[in-house]
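Work through the exercises below with the model open. Each task is followed by a stepwise solution.

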Amino acid sequence: MHKRYSKEELTAIRTLIPIEPLIEEVLKLEQAGRRFHCPCCKTLCLTLKHSSNLLWCSSCERDFNAIDIVMHSRRCGFIHSVNLLKALLPSAYRSNMQKGSMRPERKVFRSGRG
Ligand SMILES: [Zn+2]
């Protein structure tokens, strides 16, 4: 694949965008209780994995990250999905990405570890 996005950008998109509001408010996946409609197998087998910010489909037996779930529910490609998600990132991360660097945030994380 053509490398258009840095590893840092993709990691930020997968980890910083909370998956629950994404599927509820942006993708508006059908929901029954704590289960969501899986765009792959079309069953209500999709559940949230809060600890890892992923979705798990017990029917497909696979995880979906934010990029995967947008690609499947919007039936779009990887680039389109990343662009949609980038617009949802907190503005601090977005402006750093536009400059091509996420270093200021990394420093914050490092000092936070003490
Ligand atoms: Zn599924």
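**Exercise 1.** List what I13 touches, leaving out residues up to four places away in sequence.

Solution. The model is a predicted one.

**Exercise 2.** Decide whether I67 is buried, exposed or partly exposed, and trace its contacts.

Solution. 
- Step 1: Locate the residue. I67 sits in helix 3.
- Step 2: Count neighbours. I67 has 18 other C-beta atoms within 10 Å. Buried requires 20 or more, and exposed requires 12 or fewer. I67 is therefore partly exposed.
- Step 3: Read off the contacts. Beyond four places in sequence, I67 touches I13, R14, F78, S81, V82 and L85.
- Step 4: Check a distance. I67 and N83 are 16 residues apart along the chain, and their C-alpha atoms are separated by 9.7 Å.

**Exercise 3.** Describe how helix 3 and helix 4 pack against each other.

Solution. 
- Step 1: Take the axes. Those of helix 3 (residues 66–74) and helix 4 (residues 78–86) come within 9 Å. They cross at roughly 115 degrees.
- Step 2: Assign the hand. The crossing is right-handed.
- Step 3: Name the partners. Helix 3 brings A66, I67, V70 and M71. Helix 4 brings F78, S81, V82, L84 and L85.
- Step 4: The contact has 8 nonpolar residues, 1 polar and no charged.

**Exercise 4.** Which residues of helix 4 are buried, and what covers them?

Solution. 
- Step 1: S81, V82 and L85 are the buried ones.
- Step 2: Look down the axis. These residues lie on the same side of helix 4, because they cover an arc of only 95 degrees around the axis.
- Step 3: Recall the helix geometry. An α-helix has 3.6 residues a turn, so residues three or four places apart point the same way.
- Step 4: Identify the cover. It includes helix 1 (7–16) and helix 3.

Key:
Residues are numbered from 1 along each chain as its sequence is written. This is a predicted model: local features need pLDDT of at least 70, side-chain atom pairs count only at pLDDT 80 or more; totals for chains, interfaces and linings use all residues. Axes are lines fitted to C-alpha atoms, for helices over the stretch in contact, and angles run from 0 to 180 degrees between N-to-C directions. Helices (H or I, at least four residues) and strands (E, at least two) are DSSP runs, numbered from the N terminus. A crossing is left-handed if the near helix is turned anticlockwise from the far one by less than a right angle, and right-handed if clockwise. Two residues are in contact if their C-beta atoms, placed from the backbone, lie within 7 Å. Ala, Val, Leu, Ile, Met, Phe, Trp, Tyr, Cys and Pro count as nonpolar, Asp, Glu, Lys and Arg as charged, and the others, Gly among them, as polar. The arc is that of the directions from the helix axis to the C-beta atoms.
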